[in-house]
Every structure is written in structure tokens, then in C-alpha cells.
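Q: I would like to learn how to read a few features of a protein model. Where do we begin?

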Amino acid sequence: MAAVRPLHCAQLWLIVTVAANQISREDMDDIVDLHNMYRASVKPEAADMTRMTWCEECRVVAELYASECVWEHNPNVKNVLGENLYITTGTLNVTDVLMGWFKEREHYDYENNQCAENEMCGHYTQMVWAKTASVGCAALLCDTVQGLSFTNSILVVCNYKPPGNVQGHKPYQAGEPCSKCPEDRRACVDMSCDHVDIVPSTETEHVDIVPSTETEQVDIIPSADTEHAENIPRTKTEHADNFTNTNREWELASNAATGTVVFATPSAVKLMLAGLVASLIL
């Protein structure tokens, strides 16, 4: 019986955490729709923008980390997921969250691939990173927040897969929408590259789709010597003005704080998810 008790505790903790989650199923749909709307409206227009979908794996990771109520990026998802953070003491509105991140566009110079001096734009660049194909978010109510003086605050964590904000790369290729879609996403839906639904002809029983060897998405995963910017926003909401990150490792392109990616070892995430599944089964 002693060996089983920790699993029961883990199940109870998961139930309590899910109950505390401030994001509804409708919010999840809105998050995906708003990301796709904003991604389709970038200036200059994007030639290779991928249409995003919901990532349940990302949501689980985001929820586990949000439950820690820490105002810092998750150190356990390095090299796997990107991450945007948001916090408010008011009522959560996912439209306001995404709009706030997207408004950083005014501080981003596409041609020079840099933020304006002393301004943040990394939330924006992660949102519109063309090769990022999915997003999952969680929001939990925190009595206190480590790293901030906030109380009774809602912490929002969105994780992105694959991660964006790779040093030396622009978030997307400028050009006519859908003119440079990858081979496996040739359908153009609302100015974004989407998967093609293949309907076999009457003369063909099966259609094998083999992606072109010219399609490259591996550069989204950094090499061992690639560094990434942290995405701690200079202002969190009207409730957290002038909060600056003092632990930034580097600044993207222009020596200005540009944004985030938070990364972790694949084995760490797999072990986390495996443990979560085991607790639910038992």
C-alpha cells in the first residue's frame, strides 16, 4: 500500500491543477485562431508561414510549469520548446494576452532583424516564427509568484513547437503569401501554408506522399554552440510595469533584449510526460 500512495497523491495533485487551470476549451480554440490571424497579417508578408495547430503535449508541459508559480522561464525544456510568459492580477482574457505580445511588432525591424533599443519584441517573433507549427498554453491562479511581488495573480505559459527565436535567423521569409511553402504544406489557407488533403483518383488505389529532401526544418533545433535569447518581457501588463530581466544571456542581433526561447533536453520532457501518464493509469 505504501508504494501506491504516491501515485494516488500524484493523481490528486493533477486533478487539483486541472481544476485550477484558467484556460477553457474555447480559449484553446481562440489561442490557435488568433495565432493564425496574427501570423497571416505580418508586415512584410510571409512567403513560408505555417498554419498552426494546438499542441496538447505543450499544454501539459505549460500547465506543470505554471503550477510552480515562478516568474522565470522553464529551464527544463531546453532545445525542445519555445516559451512566452504573461501575468496579470486582473481577469484573464486570452485575446488581451496575444494582442499584447503581437503589439511588440512595432519594436521589431524585419530588415535588420532586431528590436528597437531598450524594447522587447521576442514574444512577437516567437508568435510569428514560420516553422513553429503548434502551440499549447496553460494559465493558473497563483497566491504568490516567486520573483514578483504579485499576489492572487494569473500566470500564463505558452509553449511552442518547434521553438523559434533562433539566433541569426529571421522569423519568416518575406514574399508573396504561400509562395515558399514546404513540400508537405502546399495548401494555402488564409495566407498560410497548410497540409494538403489528398483524395486518390479512381485510377489510383493509394497515394504515397514523400516529402522533398530539399525541405529543411532542422535548423529550428540549435546546434550545441547556438545561443538563444530569453523572453522575459520588460513589462508584464499594466500590473507589472518596468520589470526587467537581469539574467539575460545575450541579446538578439542588436544588443537589445529581444525575446525568448526556453529549451530543455528531450529526455527530461519524455520522463515528465511518462510519469504523468503512469500516474493516471494507476
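Q: How many aromatic pairs does the structure hold?

A: A pair of aromatic rings is described by the distance of the centres and the angle of the planes. Rings of Phe, Tyr and Trp (its six-membered ring) pair if their centres lie within 6.5 Å; planes under 30 degrees apart count as stacked, over 60 as edge-to-face and the rest as tilted. The structure holds 4 such pairs. One of them is Y38 with F102, which is stacked, at 4.2 Å centre to centre and 15° between the planes. Before going on, note that this is a predicted model, in which local features need pLDDT of at least 70 and side-chain atom pairs count only at pLDDT 80 or more, while totals for chains, interfaces and linings use all residues. Residues are numbered from 1 along each chain as its sequence is written, and side-chain values use heavy atoms, with hydrogens and water left out.

Q: Which parts of the chain do Y38 and F102 lie in?

A: Helices (H or I, at least four residues) and strands (E, at least two) are DSSP runs, numbered from the N terminus. Y38 lies in helix α2 (residues 25-39) and F102 in helix α4 (residues 94-102), so the pair ties together parts that are 64 residues apart in sequence.

Q: Is F102 buried or exposed?

A: Buried means under 20% relative accessible area, exposed over 50%, partly exposed in between (1.4 Å probe, protein chains only). F102 has a relative accessible area of 7%, so F102 is buried. Y38, at 10% relative accessibility, also counts as buried.

Q: What aromatic pair do F102 and Y124 form?

A: The pair of F102 and Y124 is edge-to-face, with 5.4 Å centre to centre and 65° between the planes. F102 is in helix α4 and Y124 in helix α5 (residues 122-127), 22 residues apart. Ring pairs link Y38, F102, Y108 and Y124 into a cluster.

Q: How many disulfides are there?

A: A disulfide is a pair of cysteine sulfur atoms within 2.5 Å. By this rule there are 6 disulfides. With the bonded cysteines numbered in sequence order, the pairing is 1-2, 3-7, 4-5, 6-8, 9-11, 10-12.

Q: Why is the disulfide of C115 and C121 left-handed?

A: The torsion about its S-S bond is about -75°, so the disulfide of C115 and C121 is left-handed. The sulfur atoms of C115 and C121 are 1.8 Å apart. C115 counts as buried at 3% relative accessibility, and C121 at 1%.

Q: Why is the disulfide of C178 and C188 right-handed?

A: Here the torsion about the S-S bond is about 75°, so the disulfide of C178 and C188 is right-handed. C178 lies in the loop between β6 and β7 (187-189) and C188 in strand β7, so the pair ties together parts that are 10 residues apart in sequence. C178 counts as buried at 15% relative accessibility, whereas C188 is partly exposed, with a relative accessible area of 45%.

Q: Why is strand β2 largely enclosed by the rest of the structure?

A: In β2 (residues 82-88), 7 of the 7 residues are buried, so the strand is largely enclosed. G82, N84, Y86 and T88 point one way from β2, and E83, L85 and I87 the other way.

Q: How many bridges join β2 to strand β6?

A: Two strands pair if DSSP finds at least two bridges between them. There are 7 bridges between β2 and β6 (residues 151-161), and these strands run antiparallel.
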